[in-house]
Amino acid sequence: MPRPCFLSAASLCCVLSWLLLLLFAQVPWQALAASKDIVCEPITVPMCKGIGYNLTYMPNQFNHDTQEEVGLEVHQFWPLVRIRCSPDMLFFLCSMYTPICLPDYKKPLPPCRSVCERAKRGCSPLMSQYGFEWPERMNCEQLPMLGDTERLCMDQNSSESTTLSPLFQKPTPKGLPRRRPPASQECDRECRCREPLVPIRPEARLLYNRVRIGPLANCALPCHQPYFSQDERAFTTFWIGLWSVLCFISTLTTVATFLIDMERFKYPERPIIFLATCYLFVSLGYIVRLVAGHERVACGAEHQHILYDTTGPALCTLVFLLVYFFGMASSIWWVVLSFTWFLAAGMKWGNEAIASYSQYFHLAAWLVPSVKSIAVLALSSVDGDPVAGICYVGNQNLDNLRGFVLAPLVVYLFTGSLFLLAGFVSLFRIRSVIKQGGTKTDKLEKLMIRIGLFTVLYTVPATIVVACLVYEQHYRPAWERALGCSCAAERQRHGPDYAVFMLKYLMCLVVGITSGVWIWSGKTLESWRKFTAHCHPCRSRKTTGASMYSEASAALTARAGSAGLGAYHKPTPLSHV
């Protein structure tokens, strides 16, 4: 260091000497290292012995001339290595302070940026708790990316152990095959809030002592599901976006067809329209998540952890109401649909008699989901979904999942299936009676085929959704425990099945797509032709025939085999079944 200058005549020399030092300090360490031949020497720093390579060179990027200087400084980080805040911390420190030296490769080979980011992500929160910041001299942005052909870098082969054993035959860019050594037999099974889990600090008053992952208190899941890779997360966004857009288009077409020809859809088939309307808003909720992004909807402050026990922010609440309220309402409309089919087929009710109770159908279909949604918001039970990126209920609390989601879906599915089965039994009985009388049953059979097809298109996805939720609530405690109480290799063996989650989201939206099956007919084209002709009077107009159900009703009433069939528009007491 230049000595301070006190003579005014020498002040210019002092300034110039300081400027030269500053300029020297700004020269990249890679350029300095490359300006002279690298001489390899064995690693003598105790902390870095056995790291996976044996040779290093001096001076390093921090201008340490000897390994003794390196040892004095790098051992200051030993507490972080000791507590294993990140499995990459030891490898990262040694690759920075004692960089690898290859006899046949005379260029610096720094650690990759991904190694630095993983080490920082695991240890920086712990350092902040004790008032320390991540050192600026170890800024991850200065390191090359893995796969950069201009600046080669190194990454560790094994990601599950801090006793690393990568084999560095030659620096290899990403994409080329490289033999991996066998994984270490050691596995840290101590339960603690380790990476990728996020510790909840006392400053977070709303969550402190309220969040738990398995046996770990004050520990939260990260914003994204840690069991799934980056490619799987990207595919999840594409997958949900694709089916939500298709569901939106299909249901919008169904609802629009109903609005231009309301007389065509009478009870008992009208609940299909309201069911499609519900799925229209459910798909809209997923589209809002698609536009806003995973982090803005389902993640907490600074996007570090998923949302827990919340009623906000507004975007999260909006997505929750669209997906949960209208999802539950669609299930009740399914029950109403099954019940009206039972009244028509089994109890011989006409469409006017069924329509006279429509206000009660609407009351049940909209009131029950409203009460449940208000209860969820009042209990602050809305939480984020780390896979889909939406806000729902039961993603982090199994009691809420069973009480607000799983149990109602099972009840709705079971009740609707009973009514539908009873209606089908009655339809088959009527078909047999009509056939015995010699009357054609073509229209009735077409009606039964359409009812049966729509039944399969609803009950199968709904059953699969229930099965996926049962799978999730059964295994989730083991997944959460594995995150905090096992090493990386064991976590992957006990992790969730990615395909099950993708199947669940598909089945949640496919019913909205298949709801359009009821309007897939020539009568829909005729309705739109009539509507466009009404908008453009120059085109010819044609009248639209009665609905298939009305035709089937006429076929049934034509058979005057009993007095009950003759008074088809009047409700028959339940005692006459």
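**A helix crossing and its surroundings**

Modeller: Happy to! In this predicted model, helix α5 passes helix α6 in a left-handed crossing. On the α5 side the contact is made by Met89, Phe91 and Phe92, and on the α6 side by Val115, Cys116, Ala119 and Cys123. Sorted by class, this contact has 7 nonpolar residues, with no polar and no charged ones.

Now the geometry. Two packed helices are described by the angle between their axes and the distance between those axes. Here α5 covers residues 89-97 and α6 covers residues 113-129; their axes come within 9 Å and cross at roughly 125°. That angle makes α5 oblique to α6, since angles over 145 degrees would be needed for roughly antiparallel, and 65 to 115 for roughly perpendicular.

How enclosed is α5 itself? Of its 9 residues, 9 are buried, so α5 is largely enclosed by the rest of the structure. The buried set is Met89, Leu90, Phe91, Phe92, Leu93, Cys94, Ser95, Met96 and Tyr97. These residues pack against α6, and also against α3 (67-74) and α4 (78-83).

For context, the protein has 19 helices and 8 strands. Its chain runs to 577 residues, of which 49% are buried. Taking contacts between residues at least 6 apart in sequence, 72% join residues at least 24 apart.

Two other helix pairs give you something to set beside this one, and both involve α7. The axes of α7 (residues 230-260) and α16 (residues 498-514) come within 8 Å and cross at roughly 10°, which makes α7 roughly parallel to α16. From α7, the residues that meet α16 include Glu232, Phe235, Trp239, Trp243 and Cys247, and their partners in α16 include Tyr498, Met502, Tyr505 and Leu509. By class, the contact of α7 with α16 has 12 nonpolar, 5 polar and 1 charged residues.

The second pair is α7 with α17 (residues 522-535), whose axes come within 10 Å and cross at roughly 60°. That makes α7 oblique to α17, and their crossing is left-handed. Ala256, Thr257 and Ile260 of α7 make this contact with Thr524, Ser527, Trp528 and Phe531 of α17. The residues of the contact divide into 4 nonpolar, 3 polar and no charged.

Elsewhere, helix α10 (residues 314-345) has 32 residues and reaches 46 Å from its first C-alpha to its last, close to the 46 Å expected at 1.5 Å a residue. Most of α10 is covered, with 27 of its 32 residues buried.

Val405 is buried, with a relative accessible area of 2%. Leaving aside residues up to four places away in sequence, Val405 touches Tyr324, Met328, Tyr392, Val393, Asn400 and Leu469. Its C-alpha atom is separated by 7.4 Å from that of Gly394, 11 residues apart along the chain.

Terms used
Residues are numbered from 1 along each chain as its sequence is written. This is a predicted model: local features need pLDDT of at least 70, side-chain atom pairs count only at pLDDT 80 or more; totals for chains, interfaces and linings use all residues. Side-chain values use heavy atoms; hydrogens and water are left out. Axes are lines fitted to C-alpha atoms, for helices over the stretch in contact, and angles run from 0 to 180 degrees between N-to-C directions. Helices (H or I, at least four residues) and strands (E, at least two) are DSSP runs, numbered from the N terminus. Angles under 35 degrees count as roughly parallel, over 145 as roughly antiparallel, 65 to 115 as roughly perpendicular and the rest as oblique. A crossing is left-handed if the near helix is turned anticlockwise from the far one by less than a right angle, and right-handed if clockwise. Contact means heavy atoms within 4.5 Å. Ala, Val, Leu, Ile, Met, Phe, Trp, Tyr, Cys and Pro count as nonpolar, Asp, Glu, Lys and Arg as charged, and the others, Gly among them, as polar. The expected span of a helix is 1.5 Å times one less than its number of residues. Buried means under 20% relative accessible area, exposed over 50%, partly exposed in between (1.4 Å probe, protein chains only).
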